[in-house]
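Hi,

Here is the structure I promised to pass on.

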Amino acid sequence: MANPGYGKRTIPGQHPRTAHDFADLPPREAAIAAYIDRLPNGADISVKTLAKTLTYGQCALRTALNKLQEAGHLRRGRESVEADSGSSRWITRSWFSRTARDDAWWARFTRGDVPQEQEQAKAPTRSRAHILLAALGRATPALSLSQADCATLAPLLLPWFERGATDETIRQALISGLPTPVHSPAALLRTRLLTKLPPEPAPTPTPVRPPLRMLECGECGTPGPPEALPGGMCSACRGERAPAHSNAPLPAAAVHSHAAQIRAAMSQQARERTPA
């Protein structure tokens with residue numbers, strides 16, 4: 001692991017792992033990417049550390065990381081974080097994405113406007129709801145539900161969870177004061193889930209400060225805005241050169257004109273400094 005605060009950082013919105021991850025990469029880069037993908041957040045993924053574990057040398061690893069960066073799986077830079085004392089400091093980051101992202105996505109991520117994937121956030125909640133409903137019949141046989149009933153009623157529990165209700169609170173609201181007999185458990189539970197929904201908690205606004213992030217060239221470390229680092233590389237490391245300036249001498253007439261303008265300006269300054 002790297003020092004606290006450093007090392008690998010997994011970006012938000014990761015898709016589930018599949019057998020086809022990194023299939024678009026060459027074999028060496030795919031193997032290195034799969035290894036990094038399984039490392040926990042905070043793991044040291046510097047070239048020297050990877051060389052101690054993997055069978056590749058530092059030069060090969062440096063080239064592979066640059067290719068992962070070019071393919072959109074990796075970006076390196078810095079981020080401002082708040083220390084325990086309340087002050088902020090810039091620390092090195094290495095952001096990794098199982099899903100390849102284009103330069104426009106990384107630019108949005110640097111500005112902090114990439115939202116979390118909502119589908120992934122809701123999956124555990126649906127499972128929790130299904131388990132709670134299925135367990136009602138074991139303790140209260142009159143409320144036994146079918147698989148289809150659980151799947152239909154589960155979305156109605158999501159607002160309860162969002163408003164902070166515990167499993168026991170929901171269970172008591174559903175089983176207390178049952179009529180005798182219960183003719184339709186699913187219909188009864190649907191009515192109670194809708195009519196007994198607790199009120200929304202009072203909002204507690206907290207100002208959200210956008211992250212301060214800065215990308216760096218993966219080759220030379222030169223900082224710059226995302227737009228100046230396509231593929232995570234600066235223009236110099238991509239082999240681009242600034243347009244050459246002409247070194248041809250000025251024509252004689254132009255030289256005489258510039259010299260006359262300078263002499264006139266100097267004469268004017270001298271007259272202004274001379275007392276009347």
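To start with a cysteine: is Cys234 buried or exposed? Cys234 counts as buried, because its relative accessibility is 10% and buried means under 20% relative accessible area, exposed over 50% and partly exposed in between (1.4 Å probe, protein chains only). Cys59, by contrast, is exposed, with a relative accessible area of 59%. Searching the whole structure turns up 0 disulfides (pairs of cysteine sulfur atoms within 2.5 Å). Cys234 is in no disulfide, and its nearest cysteine sulfur, that of Cys237, is 3.6 Å away.

A word on how to read all this. This is a predicted model, in which local features need pLDDT of at least 70 and side-chain atom pairs count only at pLDDT 80 or more, while totals for chains, interfaces and linings use all residues. Residues are numbered from 1 along each chain as its sequence is written, and side-chain values use heavy atoms, with hydrogens and water left out.

Now the overall layout. The chain has 9 helices and 5 strands, taken as DSSP runs numbered from the N terminus (helices H or I, at least four residues; strands E, at least two). Along the sequence they follow the pattern β-α-α-α-β-β-α-α-α-α-α-β-β-α. Of the 276 residues in the chain, 32% are buried. Among contacts (heavy atoms within 4.5 Å) with a separation of 6 or more, 62% are between residues 24 or more positions apart.

β1 runs parallel to β3 (residues 88-96), over 3 bridges, and Thr10 has Phe96 in β3 as its bridge partner.

Do look at Arg93 in strand β3. Arg93 is buried, at 9% relative accessible area. Arg93 and Gly7 are 86 residues apart in sequence, yet 6.3 Å apart in space, C-alpha to C-alpha.

Next, the cores. A nonpolar core here is a set of buried Ala, Val, Leu, Ile, Met, Phe, Trp, Tyr and Cys residues joined through side-chain atoms within 4.5 Å. The largest has 22 residues, of which Leu133, Leu136, Leu153, Leu157, Ile170, Leu189 and Leu193 touch the most other members. Two or more residues each come from α5 (118-139), α6 (147-162), α7 (167-175) and α8 (185-195), and α6 gives the most, with 7 residues. Neighbours within four places in sequence aside, Leu193 is in contact with Leu153, Leu156, Leu157, Trp160 and Leu174. Another core, of 18 residues, lies apart from the largest one and includes Ile36, Ile45, Val47 and Leu68.

Leu61, Ala64, Leu65, Asn66, Leu68 and Gln69 are buried in α3, and its buried residues pack against α1 (27-37), α2 (47-53) and β2. Just after α3, Gly72 takes a positive phi of about 95 degrees.

Enjoy exploring it!

Key. Two strands pair if DSSP finds at least two bridges between them.
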